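Reader: Before the model is shown, may I ask that each term be set against its rule as we go?

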Amino acid sequence: MAALSRLPLTALLALSFLCPAPTTAQDVPASPETIAAQELFWSYDRSPPVYPSRKFPQARLLSHSKSTHTSFCTPTAEATGTGDWAPAYAYAADLVGQMTNEEKQNLTFGFTTTANGCSGTSGSALRVGFPGLCLNDGPAGVRATELVSGFASGISVAASWNRDLAKARGQAIGRESKAKGVNVWLGPVMGPLGRTVLGGRNWEGFSVDPYLCGVLNADTVVGVQENVAVSAKHYIGNEQETNRNPTAILGNASVSSNIDDKTMHELYLWPFQDVVKAGAGTVMCSYNRVNNSYGCQNSKTLNGLLKDELGFQGFVVSDWFAQHTGVASADAGLDMAMPDSEYWDGNLTIAVENGTLAQSRLDDMAKRIVATWYKLAHFEPGTGVPYSLVAPHDNQKVSALSPDSKDTIYQGAVEGHVLVKNTNNALPLKSPQIVSLFGYDGPAPAAENVNSKWSGGYNSVNMSAEVLATLFTGNLTDEDIPQAAYAGTLISGGGSGAVTPAYLSSPYDAFAQRAWEDSTQLFWDFISQNPSVEAGSDACIVLINAFATEGFDRTRLTDAYSDTLVANVAANCTNTIVVIHNAGIRLVDAWIEHPNVTAVLYAHLPGQDSGRALAALVYGDAAPSGKLPYTVAKRAADYGALYAPVRADNTSNYYTQADFAEGVFLDYRYFEKEGIEPRFPFGFGLSYAAFEYANLSAALLPSVGPSPPEEAPAGAIVEGGLESLWETLATVSASVTNAGAEHAAAEVVQLYVGIPHDAATTPAKQLRGFAKVPLQPGESGEVSFPLTRRDLSVWDVESQGWVLPRGEFKVYVAASVEDVRLTGSFVVG
């Protein structure tokens, strides 16, 4: 989730745990006998067991099918303090060695306290000097408290394609977290990756592409962990909100993400591998089942993949209320339960005493927690996070705001905008005398005050807190779910990933300021769907949005009200510019080809500097440099089976099965495989400048020779997995030139690789590099992309390892996945 603060929104999301999705005609209660029978059928012998110090058949194929190849292995799962974790583990071993089992147990779950307002507070061992941890949302700042910033959301950072910005944003968030006494910042987001196009939380993460997602998340981790620990989430296969949790009323279990071994490694595990390599301190396990075993008690994913294969050294924390068993979840690899634990409180010590839980496992849980605290967040918890903002709290009134973060916040807002249409260079505006603003997304919400709507990012949603509560009852239809936030400009999505900004620069505020500076006229109408248009307007800017939130999935990629508003303005204004603040993909074919719609900006979720950034782009003080981190289709049907979430009904026997049968073919990989022409392809974005590409070079490194080993050489397991996977085997380089004469601008140069392997299971192009190059008019720059063994390999389910294929590797240096500027290749013999 993680938590949604102490405010009433917590109660709303508690309802979503019971009925987290719209009801359907098939939703009828199952009998206890049916539920029991289906539990036995679905929940056993599907996800292979991987337990410390126990010998079990190790399945080579992750699948919901019971048919698997097996071999015996003895996993370790116990952390040893590899690499730069060694000092922390030496400290932890000494401190935990001084603890009683009761104290060790106390570290492993959260508890309710009024001492602070953290999303979660872990237990302490004060006798030996361990104060416990404050865990707080994330993932776009420090949520639900005062004197903190509202950063651009993940979708905006992804659209920036800027690694330096991702790291700087992480550094700023880390500084604010530490200032408030937050030991563990609950972010960044790798799951959902974005498989379900209507997914309610896709906007929290960086991209549906695993490479882009992994790189930007790793950069974020490095930045944040200069000050506090991250919690990389939601691990793993958490690709829809619908039925993410068991429904007590209907008897449905959490949806099961059924993922085969190859797809797991090449797609969903990929970005988690990147953040583990970056040193992530904690990983949050998810609500959903994976191959019918709950994410927080799945020994294959937690012990087998995360802790053994990837060498993860930190601790695993549950999403809030995602623990469903006691000893089973501990043995499977869960180290900390949040926000509390009816299963572990008072029971882990008993389990050790009677032999059902190994002493070494309890010790490992405690050491992982202490080592993470010592290495990354060695300070007192919750010192600047008041329990209640409406009660006196002078002793916790701590400002985390800093002028050092201002440029990062602003750049995050600017660079997340993607220009997708600009007929006859309608943008930037050229000394306009009259600008007219239309649409509900123009002004700030009427209230930005401490309440449940504020803490959950719902201030722009046009309903009261009482009506908003009905969204989480499950007793609603698709038509009840808001597709847009009609009560003001949208700067983030809703739920635990929302922002609670220090201020809000709305589009109206910024354009009014510009009118004052330029001595020009501004007209506006933020109420009418069919507004009057001042005939002398040099430009009409229509501001709409697309809303999404934790708790339920979207039901459409358009909304009729907004599309009609755009058409009505365009009918009366020959220079209509559309700005969409979108929490996910938003289709535009209802009006994109209208001759009077001259420019379109996907503005995404820019955070508190939203209006200031938009005005800078529209007036040409900054040039658009964003690129789409997803594919925009012409019609919803083009997304195929991945458009909507799987829903529970009688045919699923109350154990809803989401079969990831598409394998690795998501988004642009799917569109290219099926030959579907998108409206705007992955990686697409216009600029005020034009760019030319040249001087392609692609080759294996001389040091590796023409025939590097097919299988990754054996060696140490480091953070991020087998060490040889990170060896650079090849490089690709090129040059790019700003061929324009007027605007300084930045170009995102993208590298796609075609791996010579079975076309049925391997995409024709896969993103394997990108670089953002700022250039003055006429200036050229060089880009170079190192390609690691992992970048060039495929996962082999038989050998259970990464394999480097033989043959010609094609390289595509491109401005988008479809706009390939340079093509080359190299051969692995």
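Author: A salt bridge is a side-chain nitrogen of Lys or Arg within 4 Å of a carboxyl oxygen of Asp or Glu. The model is predicted, so local features need pLDDT of at least 70 and side-chain atom pairs count only at pLDDT 80 or more, while totals for chains, interfaces and linings use all residues. Residues are numbered from 1 along each chain as its sequence is written, and side-chain values use heavy atoms, with hydrogens and water left out.

Reader: What makes E415 and K772 a salt bridge?

Author: The closest N and O atoms of E415 and K772 are 2.7 Å apart. The rule asks for a Lys or Arg nitrogen within 4 Å of an Asp or Glu carboxyl oxygen, and therefore the pair qualifies. Side chains of opposite charge can pair when their charged atoms come close.

Reader: Why is the pair K375 and D84 called a salt bridge?

Author: The closest N and O atoms of K375 and D84 are 3.7 Å apart, which is within 4 Å, so the name applies. This pair links distant parts of the chain, 291 residues apart: K375 belongs to helix 13 (residues 359-376), and D84 to the loop between strand 2 (70-73) and helix 3 (86-97). Helices (H or I, at least four residues) and strands (E, at least two) are DSSP runs, numbered from the N terminus. The whole structure holds 31 salt bridges.

Reader: Which domains is the chain divided into?

Author: They are domain 1 (86-378), domain 2 (406-642) and domain 3 (689-828), with bounds from an automatic or database domain assignment.

Reader: How do you know that domain 2 and domain 3 bury area between them?

Author: Buried area is the accessible area (1.4 Å probe) that two parts lose on being put together, summed over both. For domain 2 and domain 3 this comes to about 520 Å², 51% of it on carbon and sulfur atoms. On the side of domain 2, A623, S625 and K627 supply 73% of the area buried against domain 3, more than any other three residues. Across this interface the rule finds 2 salt bridges.

Reader: How far apart do the C-alpha centres of domain 2 and domain 3 lie?

Author: The distance between these centres is 35 Å. The contact (heavy atoms within 4.5 Å) takes 5 residues from domain 2 and 9 residues from domain 3.
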